[in-house]
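Good morning, colleagues. Please turn to the sequence and the structure on the screen, and I shall take you through a few of its features.

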Amino acid sequence: GPSVTDGYWSAAASEELFGELEGRRFLRTGDLGYLRDGELVLSGRVKDVLVYRGVNYHAADVEEAAVADAPGLRPVAAAFMIEGEGEPQAIVAVEARPRAGEPAQVAAAVRERVLAGTGLALAAVVVGPPGTVPRTSSGKVQRSLCRRRFLAGEYAELVAFGARVPAEADAGDRELLVGVVRGVFAGVCGVESCEPEQTLYELGGDSLRAAEIAETLDEALGLEVRVDLVLEALTPEALAAALLERWRAAGLGPGELSGRLASLAGSEPAGASLP
């Protein structure tokens, strides 16, 4: 309808999220729903659907099956997909209580419950202490952030079943990139320094600053940086992990990014202060 905006600063994001139908402009909100007795019922989010071998699984259903009737686990879990060799792989992260038992046994029980309850075969189970699964201030599970941490290798020692460190992880590149992103955040927001987990909003930034951060990084690195990714990640640490994941999927090798980052030494793109 007429209230829908013309789009985002990023042309790619606009093309992905906006469209027209019968002469009316619409926004793809990412919500899932269905009509029942003429009423719209919201049932979830597109990004929280796990697609495995052509079958859709709701992340919330997988998470519930993982921790249901499990006294050794806290009632919180995060389910997500990663790209594997040949096909996507389903991962679940759970939080174990003290004396929950051996991680391998906990993971095996999680996998059995998920398989029995949903039919989804997990490729890996992360078993960690309380606080392992990231959540928002209101208690919502941050599945995307959990996935990025897994791909960055942060859960490597906690994987009790399945592959320990995915091929996409590259700690060296990630550390260098976090430093660069911190410098750009600080420069764009006009502050002296920025910590890895400080949010854009804590630094006094907004959507316009997010667009400037995306443009600065894009120009400096010669790699696509979308403003919607900046707004979703919000912190240098989360943005670096998300960018590495996206660039690896697009075919960027670990050594190639290191070369690009090294070439930034002593140079400063407009509006940013790079380390």
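Which residues form a nonpolar patch on the surface? In this predicted model, the patch is made up of Leu 35, Leu 40 and Leu 42, and together they have about 380 Å² of accessible area. Leu 42 lies in strand E4, which covers residues 39–45. Its relative accessibility is 61%, so Leu 42 counts as exposed, the cut-off for that term being over 50%.

Let us now turn to helix H3. This helix runs over residues 103–118, 16 residues in number. From its first C-alpha to its last it reaches 22 Å, close to the 22 Å expected at 1.5 Å a residue. Within H3, the residues Val 106, Ala 107, Val 110 and Val 114 are buried. They lie on the same side of H3, because the arc they cover around the axis is only 95 degrees.

Against what do the buried residues of H3 pack? Their partners are helix H2 (59–67) and the strands E7 (73–83), E8 (88–96), E9 (124–128) and E10 (159–161). Just after H3 comes Gly 119, with a positive phi of about 90 degrees.

Finally, I return to helix H2, where Glu 63 is placed. Glu 63 counts as buried because its relative accessibility is 8%, and the limit for that term is under 20%. Leaving aside residues up to four places away in sequence, Glu 63 touches Ala 77, Ala 78, Ala 79 and Arg 143.

Key:
Residues are numbered from 1 along each chain as its sequence is written. This is a predicted model: local features need pLDDT of at least 70, side-chain atom pairs count only at pLDDT 80 or more; totals for chains, interfaces and linings use all residues. Side-chain values use heavy atoms; hydrogens and water are left out. Patches are made of residues with over 30% relative accessible area and no salt bridge: like charges are joined within 9 Å, nonpolar side chains (Val, Leu, Ile, Met, Phe, Trp, Tyr) within 5 Å. Accessible areas come from the Shrake-Rupley method with a 1.4 Å probe; for residues, only the protein chains shown count as cover. A salt bridge is a side-chain nitrogen of Lys or Arg within 4 Å of a carboxyl oxygen of Asp or Glu. Helices (H or I, at least four residues) and strands (E, at least two) are DSSP runs, numbered from the N terminus. Buried means under 20% relative accessible area, exposed over 50%, partly exposed in between (1.4 Å probe, protein chains only). The expected span of a helix is 1.5 Å times one less than its number of residues. The arc is that of the directions from the helix axis to the C-beta atoms. Contact means heavy atoms within 4.5 Å.
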